[in-house]
Amino acid sequence: MLSDLYSSTQTPDLKVIDLAKQFGSLIALDRVSLHLQPGSFHALLGENGAGKSTLVKCIMGFYQPTSGEILIEGRSQEIKSPSVAHQFGIGMVYQHFTSVPAMTVAENLVLSRFDSPKLINWRQEMEQLQAFMEAAPFQIPLTRPVSQLAAGEKQKLEILKQLYLKSRVLILDEPTSVLTPGEADEILGLLRKEVTAGHLSVLMISHKFREVMAFADEVTVLRKGRLAGQGFVKELTIAAMAQMMLGEERTAKTVAKATLIAETPVLEIHNLCADKDNGLPAIATLNLSVHSGEIVGIAGVSGNGQKELVESLAGQRVPTAGQICVNGEPYTATRAQMFRHQVFVLPEEPLQNACVSHMSVSENLALRTFDRPPQSKQGFLLLRVMRQMAQTLVQTFSIRTPSVNTPVGNLSGGNVQRTVLARELSSDQIRLLIASNPCFGLDFAAVEYIHSEIVAARNRGVAVLLVSEDLDELLTLADRILVMSDGKLVYEGAIAEVDLTTIGRRMAGHSS
Amino acid sequence: MMVKHWRKTLEAICIPIGALLVALVLFGGFCAIAGANPFGVYSSIYRAAFGTWSSFQNTLIRAAPLMLSSLCTALPARLGLVIIGNEGAIVIGGLSAVAVGLFLDGSAPTIVQIGMALGGIVAGGLWIALVGALRHYRAVNETISSLLLNYIAIAILNQLVSGVMRDPSSLNKPSTYPIGMASMLGTLPGTRVHYGLLFGIVACGLAYLLIQRTTFGFAARIAGGNLRAARIAGLPVGKLTMAICFLGGACAGLAGMVEVAAVHGRANESLNANYGYGGVLVAFVARHNPLAAVLVSVLLGGILASSGILQRSHNLPDATALVFQGLVFLVVLYSESLYGKFEMFKERSAIAPSVA
C-alpha cells in the first residue's frame, strides 16, 4: 500500500499571506495569498511571467520574500533554503529534470536524500528501494541509467523522488508537459487518490484547464504578479478561469485549414532503422511518407523511438539502415541538402538541441543562413546585416530579449522557443517541417501561436511531420495520425476517421 | 551599448592584473625561502624582461614561437577541443622544414625559406589533423592522444638527428646538416628580432579574424558551443574538426620552422625547448583569444628571458623562472573562477556609470 510510504507525520497546513517579491525595480509577486489545506489538490494557473514560479520558489526557500508571511500549521516560518522546506515536508518537482543522467534510478534516489550517508550499504538500500518501488504509484526499473529513460519516465522519477523523501506537500511545476494524456491522467489520478486519502496535498502549476477541471479542488489564478482569482474548481467554468488568466474572454484563434489534396510526396522514409544511444535498436524498418500540404502526426508514449526518428531526420543521428528521400532525392541531412530542399526542424528542448546558449540571439537566429548572402560575402560575416535581420525577426516573432546581442541562454524558455521558431519558420520556401513536441512547457498563448504558425505553413503547401506526446495537439493539427510503438508504426488513420480507443490501445502496445 | 558593458570590460582587465600581483607575492615568498631578496628578484625580472631595449628584444625573440604555438591550442579550443600537442607539432614542423630546406639547398634563399615554411606548416598541420581524425572518427580523447604524440614526435626527432639526417661533424649534440647562413630568416630592420615575431603577430591577427569574422569561424563556434545544434544546422562537424586542427597544427609547425630557420639553423634537441607547453599556457591564460595571446606571449617570453639573470645575480636555480611561470599560470587559471563573483563588476542597468 502506498500509505506505508508515509511516516505518521501529518500533512501540514500551508498558508501564504500577502507574499510579495521584488527583483530590483520589477515586482514579480504583489501581495498574493493562498491557502493549501491538508489533503487538497490546488492548481496554480497563470501565463508565463505571471509569478507562479516566483511564488513557489518563495515557498521552497529559493527566494526570500520581500514582504508577507508563510504559515505552516498556523505558525509563521522563515524558509531559508530548500532543505528547511524539506524539514516541513514540502517538496517540489521541477519542470526541468534534476536527475544525474549517468547514474541509475536507484543511485539518483539515494542521492536525492538530504541526509545522504557517508557510506552506502547498497544491499540494504536496494532492499528498501525495492520495497518503496513496489508500493509506489508507478514503477521504474531501479538499475536503469537515467540517460536511458524517456522523458515521461524521467518525470515519474522526479515525482517518485519526492515520495521517497516523504514530502507531504508536493509542489508540481507543469508535471504533465512531457507526458502523454494517458500517462498524465494516470499519474494525476494516482496523486489525486493520495490527496483524497489525506496522505498528501498538491500544489500544481499548470496550463491545462482539462487537468485542472479533472483533478484539482481549488484554483488560484495569477496575472502579472497579482492575484487574479481564486475559488473552488467545481464552482468555476473554463471560460471563467481563462478570463481570470488573460484578463479578457479568450478567443480561440485557430487558423482554418485550407482544403488541400495532399498528393506530392515530400518526405519518404524507406525501411529506416536506427539505434538508441546504448546501441539497442530504436526504430525497426520504418516506412512513412509525408505529402505537400499535409500534417502527419505521430503519436506514442515517449521512448518508443520518436526521439531517434526525429534525430535521424534532423541530422543528429546516423541511421543504421534504410533510406530517407526528400523531393525524391536521397537525403542525408547535409547543409547543402537542407538548403536545397528547404528542410526545417523544431526540435524538443530547443536550448539543448538547436541553440548555442552562450552565443547571441542574433547569432542563433543566423544558424541556418550565416553562410549565404546577404549575411555573408565571400566567406566573411556581415555582422551588421545579421543583426538587422535578427531585429526584424525579434519583432515579427515577439521575442522578448534585452537586445539581439544578449546570449540566448539568458532568455526564458518560451523566448528561446520563439527564437528557434523564428529561425525555422521565417523562410519563405519551407518544403518540409519536422516538429517534435514544439509546445513543450509553453503557456497557451504561445501554444496557440505555434499551432497557428504550423497550420499556416501547411496551408502554404509545406509538408509537416509532427511528433507529439500531446494527443490533443495531434487531434487539433494533424491530417493523418500514426501511432508509434516499440520502434514501429502500428496504426494509421486519417483525422476524420480516427478511433481514440484504438489509438490508446496501440499506444499502450496492444496489437489489436 | 558600450556604456552598459564598462563593468565587464573593467572586470576582464582587473582580474588578470590582480592574479598577476598575487602570483608575484607568492613567488616572492618562494624566493625569500630560497634565500633571495624578493624585491631584488622582482626588479631583476623586470630589467631582464622589459628593462632595456636589448632585453626587451630577447623577450620578443622568445615571444614569437609562443604566439604561433599558442594557436595550436587556442584554435581547436573554439571547437571545444583541448589540444596540448603543440610541442610535437613544433618538432615535426621544424624537422620537416629542415628536410625541405636541405632538399632545396642551392636555390634562391627566398625559395628555400618559402619551402621551409610550407614544409613546417603542412607537417605540423597534418600532425594535429591526425589528432582531430582520431577524435572525430574514432572518439579518441584528443588531449591524451595529442600529449602522446608529443613523445612520438620527440622520438622521431632523436632518431633522425642521430641517424639518417645526422651531420657527422655534430659531435656532442647530434644535429642535422645546417641549412646555411644564406637561407636563414633575417631580422626586422634595426633589431635583433627575427621575422618570426611578424609571423606570430600576423598569424594571431588572422586567427582572430578567422574565428570572429568568417563563416568558417562561425561554424566552428557553433560546433564548439553545441554539437547537437551544429548537426541540426547540417554543419560538417568532421570537416570542421579536421580543418581547425590542421590550422592549429600548421601554426605550431610554423613555430618549429621559425626556430630552425631563425635561431638554430639546423634541427636538434633544442627544438624541443618547451615552447609547446608554454603555448598551451599562453592559450589558456588568453582564454583562447588570439589577440590576447600576443600580449600573454610577450609576458611569458619576458619571464623566460629572465631565467639567466636569476641564476647569475641571485644564486637561484635556473628552474626558478619555471616556478614563477607555473605560479603565474596557476593563479591566472584560478582567477577564471572569479568572473562574476565581485559585486562591483556586476552590470547594474539602473545605475548610471560613475568614475570608479
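Residues are numbered from 1 along each chain as its sequence is written, while chains are lettered from A and ligands numbered from 1 in the order in which they are written. Because the model is predicted, local features need pLDDT of at least 70 and side-chain atom pairs count only at pLDDT 80 or more, whereas totals for chains, interfaces and linings use all residues.

**Overall form of chain A**

- Chain A has 17 helices and 22 strands, where helices (H or I, at least four residues) and strands (E, at least two) are DSSP runs numbered from the N terminus.
- The radius of gyration of chain A, taken over C-alpha atoms, is 24 Å, which agrees with the value near 24 Å that a compact globule of 512 residues would have; the globule rule is 2.2 Å times the number of residues to the power 0.38.
- Along the principal axes, the C-alpha atoms of chain A fill a box of roughly 70 × 55 × 50 Å.
- Buried residues make up 46% of the 512 residues in chain A; a residue is buried if 20 or more other C-beta atoms, placed from the backbone, lie within 10 Å of its own, exposed if 12 or fewer, and partly exposed in between.
- Of the contacts in chain A between residues at least 6 apart in sequence, 70% join residues at least 24 apart, a contact being a pair of residues whose C-beta atoms, placed from the backbone, lie within 7 Å.
- The domain assignment, which is automatic or from a database, gives chain A a domain 1 (2-103 + 164-246) and a domain 2 (265-507), and the C-alpha centres of these two domains of chain A lie 32 Å apart.

**Strand S8 of chain A**

- Strand S8 (residues 201-206) of chain A is mostly covered, with six of its six residues buried.
- In a regular strand the side chains alternate between the two faces of the sheet.
- Strand S3 (residues 41-45) of chain A runs parallel to S8(A) and is joined to it by five bridges, with Phe41(A) standing opposite Val202(A); two strands pair if DSSP finds at least two bridges between them.
- Strand S7 (residues 169-173) of chain A also pairs with S8(A) in the parallel sense over five bridges, and here Leu172(A) has Met204(A) as its bridge partner.

- The contact takes 26 residues from chain A and 18 residues from chain B.
- On the side of chain B that touches chain A, helix H8 (215-225) and helix H9 (227-232) of chain B each supply at least two residues, and the largest share, six residues, comes from H8(B).
- By class, that side of chain B has nine nonpolar, five polar and four charged residues; Ala, Val, Leu, Ile, Met, Phe, Trp, Tyr, Cys and Pro count as nonpolar, Asp, Glu, Lys and Arg as charged, and the others, Gly among them, as polar.
- Nine of the 11 residues of H8(B) are buried, so H8(B) is largely enclosed by the rest of the structure; among these buried residues are Phe218(B), Arg221(B) and Ile222(B).
- The cover over the buried residues of H8(B) includes strand S18 (380-381) of chain A, together with helix H7 (196-213), H9 and helix H10 (237-264) of chain B.

**Leu247 of chain B**

- Leu247(B) lies in helix H10 of chain B and counts as buried because it has 24 C-beta neighbours inside 10 Å.
- Not counting residues up to four places away in sequence, Leu247(B) touches Leu75(B) and Gly125(B).
- Leu247(B) and Leu126(B) are 121 residues apart in sequence, yet their C-alpha atoms are 9.0 Å apart in space.

**Backbone details**

- Most residues other than glycine have a negative phi, and most peptide bonds are trans.
- The peptide bond from Pro373(A) to Pro374(A) is cis, with omega near 5 degrees, and Pro374(A) is found in the loop between helix H12 (361-365) and strand S17 (376-377) of chain A.
- Arg287(B), in the loop between helix H11 (275-285) and helix H12 (290-305) of chain B, has a positive phi near 50 degrees, and with 16 other C-beta atoms within 10 Å Arg287(B) is partly exposed.
- His288(B) lies in the loop between H11 and H12 of chain B and has a positive phi near 60 degrees, but with 20 other C-beta atoms within 10 Å His288(B) is buried.

Definitions and conventions. Two residues are in contact if their C-beta atoms, placed from the backbone, lie within 7 Å.
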